[in-house]
Amino acid sequence: MSALNDLLNLDLFDYTDKIIAEYIWIGGSGIDMRSKARTLRGPVTDPAKLPKWNYDGSSTDQAPGHDSEVILYPQAVFRDPFRRGSNILVMCDAYTPAGEPIPTNKRFNAAKVFSDPHVVAEEPWYGIEQEYTLLQKDVQWPIGWPVGGFPGPQGPYYCGVGADKAFGRDIVDAHYKACLYAGINISGINGEVMPGQWEFQVGPAVGISAADQVWVARYILERITEIAGVVLTFDPKPIKGDWNGAGAHTNYSTKSMREHGGLNVIKKAIEKLGLRHKHHIAAYGEGNERRLTGRHETADINTFSWGVANRGASIRVGRDTEKDGKGYFEDRRPASNMDPYVVTSMIAETTILLKP
Amino acid sequence: MSLLSDLLNLNLSDTTEKVIAEYIWIGGSGMDLRSKARTLNGPVSDPSKLPKWNYDGSSTNQAPGEDSEVILYPQAIFKDPFRRGNNILVMCDAYTPAGEPIPTNKRHAAAKIFSHPDVLAEEPWYGIEQEYTLLQRDVKWPIGWPLGGYPGPQGPYYCGIGGDKAFGRDVVDSHYKACLYAGVNISGINGEVMPGQWEFQVGPAVGISAGDELWVARYILERITEIAGIVLSFDPKPIHGDWNGAGAHTNYSTKSMRSDGGYEVIKKAIEKLGLKHKEHIAAYGEGNERRLTGRHETADINTFLWRVANRGASIRVGRDTEKAGKGYFEDRRPASNMDPYVVTSMIAETTIIWKP
């Protein structure tokens, strides 16, 4: 099908100034991503210069049929790794025609939190470790797993190599380069403990851009699995039993935490998170109770705990941070299907804005 | 087959001045596209400088065997995305040797309407949303659908991504670039509500060029599905039951509608369309009664209804237009297999020329 590839890879630069912009938004379930493309007259890199658009919200469970228009506001621009050239991906959020954020638009409130002067002053940094599982297409069973059976128990797979230990590396590596090309701050990848499960990390990113980048990284990943004929899942416990779940550990620091004496600021912040444990857990992803059992490197969902270098705790503080007296900490509670707009802004709100 | 690709991709510009012109016309069903190629002495960009040609009309149901020549008049030129270089696609319409348009030539009458002084003065713009379905080649069942069964119900597919939600994106994306390369004013694409169904939009285009560009875009699409080994269908209701049909919503505006006070002009135009509902419907595509049921985002075929932002109406006016007091409206009645020469000229005739 190389004739098809020739067309897909056409560099239109010599023929037209026009570019293609793929507008991306989050659908009615809060985790499904949708996109459609439009032609623009010339290259654009500033989201403020992109036109608003609209889509049929009645087809994504976000509006009724008799009043179906949902408006897309462009918020962040990335280079399109699939169309390349000057073509772009545009991360958007969704509003009613009257200008109100629709219920599934979690970015709007997050942006409010991140523009609070106290939060701005603290320059919150995030590093998000997105875990995910790859499934065979028609059977919804992880790739590399025998259909109707199970692979050997966990042990050899974490960061493993070899055809009997690592399944789907093409997708992971293509995703890594595609994200770097797009301008996403992807900081690493690794094979995970459960075979067919992988992780990529995005960050450090400041404020709202952390979540924008995670969502676009998720979009690029699902487009790549589409090409590969494989199904992507962010389910937090895809296989019951002695198999790891999938999380989205969120690493976090503020200016005060990164400075001299920061360890005390960190401890106070963790205390505040402890007081709001139930509130956070409720917003940290559907189905998390299947994952946070206290086993498989998690803390039980009803328990709030923290520890240095402890992967069985809700919050882990790294040995480096303890030694330097400053740094960051890792909230290990969020599930892989969490909404990063919600999680990042809630952590900032609880630790910076709330007085206990 | 890399040797074949080498030959297909030969750039002849260094070797010869000669150029290949692919002459395209509409066949006897009114929907099938035909084409054949000829060599020209050098590059041509003006259709009036291209020679007329002829074809065997008895092989396309357009002429009897004993008097089979049908004459092709070149009407519009586009760059050939398959042969590239200086090679061209030529959209033609068909005449008897005596110079009369043959019965399936709908362009001739459309061109007359578009050269009427009242119509010229109003500069009619069209944006056509062409929906289509991709079918597996030997079984005529949509791509991505299990043989002998059905995919999960509609919901996840509209603008969806992922190997379990979007089928055939390669065809869609290569078509997008190929059309931009060719000089077709393709303004966007999106995945549709039924899995395996897609949409592209052509426009805004003025007068007769809307029809020319849509036909050439259809031609390029079917050439691409040919490469991909997939079958293209413009059937307006390819699958019976709780599955969306395929339409060719036609967005329309005149100079008066785009100017201040345009909203009143729009309302009057819609009124006129309402008075001629049956005539329009009769010309809006074969089999449309299977699609316009009042369900699946359509209005019932016997009802004429217009509304703002309502996808269940015959005519939809966008909220932007309502708010600005001027703009355009969307005729949602045409089926995917409509002839754009007929539909665009009929809308212009009814709204501009006709006095009720």
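Predicted model: local features only at pLDDT ≥ 70, side-chain atom pairs only at ≥ 80, totals over all residues.
1. The unreviewed UniProt entry lists residues 106-356 of chain A as "domain: GS catalytic". Over this range the chain is 37% helix and 19% strand, with 24 Å between the end C-alpha atoms.

2. Helix α4 of chain A spans residues 169-182, and its 14 residues reach 20 Å from first to last C-alpha, close to the 20 Å expected at 1.5 Å a residue.

3. Ile171(A), Val172(A), His175(A), Ala178(A), Cys179(A) and Ala182(A) are the buried residues of α4(A). They cover an arc of only 135° around the axis, which places them on the same side of α4(A). Among the elements they pack against are β6 (125-136) and α5 (208-228) of chain A. Exposed Asp170(A) and Lys177(A) sit on the face turned away from the buried side.

4. Across all chains, 35 salt bridges are found. One of them joins Arg107(A) to Asp212(A), with the closest N and O atoms 2.9 Å apart. Because Arg107(A) lies in α2 and Asp212(A) in α5 of chain A, the pair ties together parts 105 residues apart in sequence. Arg107(A) is buried at 8% relative accessibility, as is Asp212(A) at 4%.

5. In chain B, Arg319(B) and Glu322(B) form a salt bridge at 3.5 Å, N to O. These residues are 3 apart in helix α9 (residues 319-324), about one helical turn. Arg319(B) is partly exposed at 23%, and Glu322(B) is partly exposed at 37%.

6. A network of salt bridges links Glu22(A), Asp80(A), Arg83(A), Arg223(A) and Asp173(B).

Conventions:
Residues numbered from 1 in each chain as written. Chains lettered and ligands numbered in written order. Heavy atoms only, no water. UniProt positions renumbered as here; feature names shortened; annotations may be inferred. Helix = DSSP H or I, 4+ residues; strand = E, 2+ residues; numbered from the N terminus. Expected span 1.5 Å × (residues − 1). Buried < 20%, exposed > 50% of the residue type's maximum accessible area, 1.4 Å probe, protein only. Arc of directions from axis to C-beta. Contact = heavy atoms within 4.5 Å. Salt bridge = Lys/Arg side-chain N within 4 Å of Asp/Glu carboxyl O.
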